[in-house]
Amino acid sequence: MALSIVRLGLRSVINFERNAAIISVTSVPKQFKFLHTKAICTGNICYLTETRDLEGSERNSSLRRNYSKQHGRPEEDRRKRSYSDSESDSDSDTECKGYDRSQFWRRKMRTVHNILDVNKDGLISFNDFQLFAERFKALGHLDEQHAKEFTSIIQKTWETQWGEIDPYNFVTQEQYLEDMNHVLNDRTLKKRAFSWLPYLFKAVDKDKSGYISVVEFKLFFKCLGLDNEHAAIAFAIIDTNGDGKLSLKEFVKLGKDFFFTEDETRVSKMFWGPLID
């Protein structure tokens with residue numbers, strides 16, 4: 001008799017726990033729905049109706065979106081495989097943002113951003129990059145091999161610095177400043193970021209003499225969307241030895257120095273034309 005009572009008690013406890021578990025599991029969806037309901041009242045009667053979690057869905061949608069025309073690519077997507085996979089040899093332990101540099105350097109970067117923004121919509125896209133390259137190739141001074149190399153380098157430069165080639169992948173002015181600052185703080189990226197400069201030289205070296213005259217420098221400025229007057233003034237300043245010509249080495253050095261230095265006395269500040277405010 002006592003043994004039967006004990007067995008009956010144990011069975012009751014087990015059944016109670018099982019029922020409690022079932023109630024707990026089945027009650028979770030109801031609790032979840034209750035959190036996502038709102039009251040609609042008509043007179044003295046109120047009803048609870050289910051509503052969608054719009055805030056959550058919009059948040060998930062924004063996380064799935066890789067690019068934004070208004071704000072460019074998200075920070076975590078900005079520096080993709082090329083930055084993460086390569087060993088970063090930063091020149092400083094704490095890399096500063098573009099806005100930590102001098103106003104003079106920022107003016108220079110804004111000037112280049114404006115030049116690369118070929119369609120002048122305030123944003124740089126890969127299409128702008130292609131149009132920029134086509135201007136130089138259209139001069140007809142690059143041979144077939146150099147033209148192919150130039151096209152390839154332009155594409156690699158875009159993918160290295162700004163990621164995937166996508167119609168909605170835009171680079172805002174502030175992003176350009178920040179990304180160029182990152183490039184200049186990384187020795188590996190810094191070495192290859194301007195590998196397209198020699199092709200600009202070859203494209204405007206009309207007589208293939210290995211030197212650029214003031215007339216040919218005007219072709220360079222024309223491809224940048226600038227006028228002859230600005231070209232003549234800039235050439236007179238950057239031709240420091242007064243020989244009336246620029247070698248490939250001088251051209252590339254001036255082009256790189258424009259990005260590297262914050263010294264306002266350097267003549268390289270004239271390389272990409274008048275600085276914008």
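User: What makes the approach of the Leu-123 backbone nitrogen to the side chain of Asp-121 a polar contact?
Analyst: The nitrogen lies 3.0 Å from a polar atom of that side chain, and the pair therefore meets the definition (N or O atoms within 3.5 Å, one able to donate a hydrogen and the other to accept it). The model is predicted, with local features needing pLDDT of at least 70 and side-chain atom pairs pLDDT 80 or more, whereas totals for chains, interfaces and linings use all residues. Residues are numbered from 1 along each chain as its sequence is written, and side-chain values use heavy atoms, without hydrogens and water.

User: Why is Asp-121 called partly exposed?
Analyst: Its relative accessibility is 37%, and the term covers values between buried (under 20%) and exposed (over 50%), with a 1.4 Å probe and protein chains only. Asp-121 sits in the loop between α5 (103-116) and α6 (126-137), and beyond four places in sequence it touches Asp-128 and Phe-170, where touching means heavy atoms within 4.5 Å.

User: Which residues make the contact between α7 and α10?
Analyst: The axes of α7 (residues 144-162) and α10 (residues 197-204) come within 10 Å and cross at roughly 145°, the angle running from 0 to 180 degrees between N-to-C directions of lines fitted to C-alpha atoms over the stretch in contact. His-146, Glu-149, Phe-150 and Ile-153 of α7 meet Tyr-199, Leu-200 and Lys-202 of α10.

User: What is known about residues 104-139?
Analyst: UniProt, in an unreviewed entry, lists this stretch among those for "domain: EF-hand"; the chain there is 69% helix and 0% strand, with end C-alpha atoms 32 Å apart, helices being DSSP runs (H or I, at least four residues) and strands runs of E (at least two).

Key
UniProt positions are given in the numbering used here, feature names are shortened, and annotations may be inferred rather than shown by experiment.
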